[in-house]
Amino acid sequence: MGLVRTLRSVASFAVPTVSRHKRQIERAANISDLRAIAKRRLPHGIFDYIDGGAEDEITMRRNSAAFQQYEFMPRVLRNVSGIDTSTTFLGRTLESPIIFSPTGFTRIAHSQGELSVARVAAAHGLPYCLSTLSTRSIEEVAAVSTGPKWFQVYVWRDRALVKDMLARAQANGYEAIMLTVDTAVLGRRERDVRRGFTLPPKLGPGTIIDGITHPAWTWDFIRHEPITFSNITDPNGGPTNTAVSLSYYISEQFDPALSWDDLAWFRSHWNGPIILKGVQSVADAVLAQQHGIDAIAISNHGGRQLDSAPAPLDLLAPITQATNGSLPLICDGGIRRGSDIVKAIALGASVCTMGRSYLYGLGAGGEAGVEQALTMLTTDLERTMSLCGTRTLAEITPELLAHVPVGRQ
Ligand SMILES: Cc1cc2nc3c(=O)[nH]c(=O)nc-3n(C[C@H](O)[C@H](O)[C@H](O)COP(=O)(O)O)c2cc1C
């Protein structure tokens with residue numbers, strides 16, 4: 001009796017979680033753990049489509065590695081009770097400087113796909129950007145989300161199709177568009193080439209074996225309606241349910257002639273903020289500002305387009321300087337921790353966007369995994385701010401960072 005009382009005073013017993021999978025998700029300590037679970041759960045071809053980058057994946061690796069170039073110069077005794085991570089972006093107050101980047105074909109990670117991501121974003125009042133190449137439509141996402149929604153635009157050769165999508169987005173309460181400008185042609189994603197990856201995934205001996213060895217994903221996949229490009233209802237928009245390689249689809253459908261002159265067309269068909277996504281140079285950031293663009297996402301598409309493109313983090317300071325700090329900047333690429341967000345803000349970002357971080361969560365555990373990915377980033381962000389002695393985002397300034405000396409990186 002005495003022993004039990006003593007044990008009780010030092011230990012409280014956790015209620016065991018019944019499902020092994022649920023237990024794994026709950027125990028994931030960081031985004032890298034969610035990635036490892038997603039890797040086990042998803043067929044190889046699908047995991048590689050999400051995880052991979054272009055060519056030698058130099059840019060993809062650099063996007064994350066760039067954050068390690070900096071260390072913090074923390075301040076102490078600063079009263080960090082009541083950390084405030086809120087910010088205002090494009091007229092909206094956000095509880096955290098985190099936005100969900102658009103990802104095409106999200107339902108291949110989990111049947112709920114875009115709906116799950118939109119629901120999590122809405123529950124936290126954070127913007128979710130729906131991809132043109134989404135597998136749930138503009139209307140389906142609007143039906144589950146009262147939160148801020150943006151629409152990402154790829155420009156079809158057939159402008160009537162683009163005009164129609166813009167009108168649908170506007171009618172359904174989407175607040176801003178992200179015009180992706182880094183995809184004149186598709187980057188060469190060599191993992192997809194090797195695996196013969198198509199959208200929707202094509203059934204062949206390889207994919208069948210891949211499916212059998214990943215039964216949880218396969219069971220989820222076959223119980224739900226087929227995956228299609230839900231926004232493309234017009235037959236001129238290309239095949240929506242025939243298996244094609246993404247590079248074939250894009251080279252057939254997207255307009256490689258897109259130029260700065262086309263921005264006026266978007267202004268006349270979109271009543272709201274326009275964000276250019278995929279700016280990768282100081283010169284183009286300045287041009288965007290001159291063209292009256294509302295914000296830019298410094299992005300190389302997560303290293304999936306031009307390999308050896310610069311890491312977004314490295315462009316923040318020079319772009320902030322060249323645009324006099326008056327153009328709202330989004331840092332997109334490589335965000336895996338809250339400390340990455342603090343570093344990006346110190347270098348001039350207003351907000352950060354994440355792609356793979358939430359996709360790993362979705363692939364690992366559906367909606368609960370997306371929620372967990374976001375929680376990891378937000379709690380990390382608050383802890384890092386506390387430990388750095390910064391109570392608000394405004395207190396995160398360039399003086400908080402120093403370059404890690406060469407040789408120690
Ligand atoms: C699987 C996948 C699909 C993507 N699809 C799109 C897309 O349809 N449109 C787009 O503008 N960007 C797309 N992106 C790029 C993301 O919006 C974002 O720029 C990138 O994921 C950021 O890098 P991160 O994954 O390191 O966070 C995609 C990225 C991934 C990983």
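Start by selecting helix 3 (31-41) and helix 17 (356-388); helices here are DSSP runs of H or I with at least four residues, and strands are E runs of at least two, numbered from the N terminus. The axes of this pair come within 10 Å and cross at roughly 170°, with each axis a line fitted to C-alpha atoms over the stretch in contact and angles running from 0 to 180 degrees between N-to-C directions. That makes helix 3 roughly antiparallel to helix 17, the label for angles over 145 degrees. The crossing is right-handed, meaning that the near helix is turned clockwise from the far one by less than a right angle.

A word on what you have open: this is a predicted model, where local features need pLDDT of at least 70, side-chain atom pairs count only at pLDDT 80 or more, and totals for chains, interfaces and linings use all residues. Residues are numbered from 1 along each chain as its sequence is written.

Now show the side chains between the two helices. From helix 3, pick Ile31, Leu34, Arg35, Ile37, Ala38 and Arg41. Their partners in helix 17 include Tyr360, Gly361, Ala364, Gln372 and Met376. Contact here means C-beta atoms, placed from the backbone, within 7 Å.

Next, select helix 4, residues 44-51. Which of its residues are buried? Color Gly45, Ile46, Phe47, Tyr49 and Ile50; buried means 20 or more other C-beta atoms within 10 Å of the residue's own, exposed means 12 or fewer, and partly exposed is in between. Helix 3 and helix 17 turn up again among the elements covering them, along with helix 9 (190-195) and helix 10 (205-212).

On to the largest nonpolar core, which has 104 residues. Such a core is a set of buried Ala, Val, Leu, Ile, Met, Phe, Trp, Tyr and Cys residues joined through C-beta atoms within 7 Å. Helix 17 gives the most to this core, 13 residues. Center on Ile177, one of the residues with the most contacts inside the core. Leaving aside neighbours within four places in sequence, Ile177 touches Trp150, Phe151, Val153, Ala169, Trp270, Ile274 and Ile275.

For a contrast, jump to Arg23 in helix 2, residues 20-27. Is Arg23 buried or exposed? Arg23 counts as exposed because 11 C-beta neighbours lie inside 10 Å.

Finally, zoom out. The chain comes to 17 helices and 12 strands, and 46% of its 409 residues are buried.

Notes
Angles under 35 degrees count as roughly parallel, over 145 as roughly antiparallel, 65 to 115 as roughly perpendicular and the rest as oblique.
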